[in-house]
Amino acid sequence: MESYKNTFLDSAVESNALKFGEFVLKSGRKSPYFFNLGLCCSGKIVSNLAEAYSQVIINSNIEFDIVFGPAYKGIPLAAVVCSKLYDLTKNDPVLKEKYSKIAYSFNRKEKKDHGEGGIIVGANLNNKRVLIIDDVMTAGTAFGEAYDIIQNEKSIVAGCVIALDREEKTPDSEFSALQVVSEKYKIPVLSIVTLNDIIHYLSDKADDETKIAIEAYRTVYGAAKI
Ligand SMILES: O=P(O)(O)OC[C@H]1O[C@H](OP(=O)(O)OP(=O)(O)O)[C@H](O)[C@@H]1O
């Protein structure tokens with residue numbers, strides 16, 4: 001497993017963002033693990049997190065101008081990833097050319113009716129290629145809303161990167177939310193880690209009970225391969 005994935009998972013466990021036990025998800029499913037990126041909030045952990053997103057983005061070769069973070073959890077992600085992309089590439093002439101001009105923007109959940117007004121904060125979105133960054137994708141609702149906002153600004157969505165792909169089927173298909181969104185919008189939808197990565201990561205760290213529970217969950221809810 002790539003070292004940035006390991007560092008990300010170490011950080012997620014250290015900050016309690018990734019927990020093992022018994023949890024009821026928004027979908028009603030009983031899951032043996034739970035991920036809450038909101039707990040990745042200390043300086044070191046945020047820095048590791050931004051580095052992991054940046055590594056996925058750089059490896060992907062997706063061409064884009066703006067990192068867009070859907071409110072609320074996407075907002076700090078867009079800012080730290082934009083900054084980290086600059087830091088990681090500033091000493092490489094080719095990568096610097098590509099990433100030093102990247103800017104970030106995000107939406108407000110409530111429209112502002114005074115001052116500058118509107119719902120977009122940060123970089124102007126007119127006629128840009130936009131990469132959406134978020135923590136997780138469950139039904140794809142937040143992605144769809146961000147997609148519409150970006151289209152209304154006459155920009156195109158170039159791709160999406162999230163932290164964790166649970167690789168489980170949606171309630172109404174055999175495929176995961178990432179697969180469904182990628183297919184529907186014809187864009188790459190990537191993640192830092194997948195459930196499969198978590199299983200590998202746990203192989204020499206977790207007790208048998210945890211490993212068996214996760215495998216059983218995957219057997220019931222795992223998404224089909226495309
Ligand atoms: O694919 P979905 O079904 O939309 O679920 C994923 C979205 O849900 C959460 O945000 P939420 O809408 O709860 O807002 P928040 O960022 O303000 O917590 C999460 O941060 C994603 O944006």
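**Close-up views of a predicted chain**

**View 1. The whole chain at a glance.** Of the 226 residues in the protein chain, 46% are buried (buried means under 20% relative accessible area, exposed over 50%, partly exposed in between, with a 1.4 Å probe and protein chains only). This is a predicted model, so local features need pLDDT of at least 70 and side-chain atom pairs count only at pLDDT 80 or more, while totals for chains, interfaces and linings use all residues. Residues are numbered from 1 along each chain as its sequence is written, and side-chain values use heavy atoms, with hydrogens and water left out. The protein chain holds eight helices and eight strands (DSSP runs numbered from the N terminus: H or I, at least four residues, for helices; E, at least two, for strands). Its radius of gyration is 18 Å, close to the 17 Å from the globule rule for 226 residues, so the chain is as compact as a globular protein of that length (the radius is taken over C-alpha atoms, and the rule is 2.2 Å times the number of residues to the power 0.38). The C-alpha trace spans about 55 × 40 × 35 Å along its principal axes.

**View 2. Helix 3 and its neighbours.** Helix 3 covers residues 74-89, and its 16 residues reach 22 Å from first C-alpha to last, close to the 22 Å expected at 1.5 Å a residue (the expected span is 1.5 Å times one less than the number of residues). Its buried residues include Ile75, Leu77, Val81 and Leu85. What do the buried residues of helix 3 pack against? The partners are helix 2 (43-60), strand 3 (66-69), helix 4 (93-99), strand 4 (103-112) and strand 6 (129-133).

**View 3. Ser155, tucked into a loop.** Ser155 sits in the loop between helix 5 (141-152) and strand 7 (156-165). With a relative accessible area of 5%, Ser155 is buried. Leaving aside residues up to four places away in sequence, Ser155 touches Leu125, Asn126, Asn127, Lys128, Val130 and Ile150 (contact means heavy atoms within 4.5 Å).

**View 4. Salt bridges across the chain.** A search of the whole structure turns up 13 salt bridges (a side-chain nitrogen of Lys or Arg within 4 Å of a carboxyl oxygen of Asp or Glu). One of them joins the side chains of Lys98 and Glu63 at 3.6 Å, N to O. That pair links distant parts of the chain, with Lys98 in helix 4 and Glu63 in the loop between helix 2 and strand 3, 35 residues apart. Another joins Asp135 and Lys73, whose closest N and O atoms are 3.8 Å apart. Asp135 lies in the loop between strand 6 and helix 5 and Lys73 in the loop between strand 3 and helix 3, so this bridge ties together parts 62 residues apart in sequence. Asp135 is buried at 8% relative accessibility, whereas Lys73 is partly exposed at 48%.

**View 5. A salt bridge with exposed partners.** The side chains of Glu97 and Lys101 meet at 3.4 Å, N to O. Glu97 is exposed, with a relative accessible area of 53%, and Lys101 counts as exposed at 60%.

**View 6. A nonpolar patch on the surface.** Phe175, Val180 and Ile226 make up the patch, with about 290 Å² of accessible area together (patch residues have over 30% relative accessible area and no salt bridge; like charges are joined within 9 Å, nonpolar side chains (Val, Leu, Ile, Met, Phe, Trp, Tyr) within 5 Å; areas come from the Shrake-Rupley method with a 1.4 Å probe, and for residues only the protein chains shown count as cover). Ile226 lies in the segment after helix 8 (208-221) and is exposed, with a relative accessible area of 75%.
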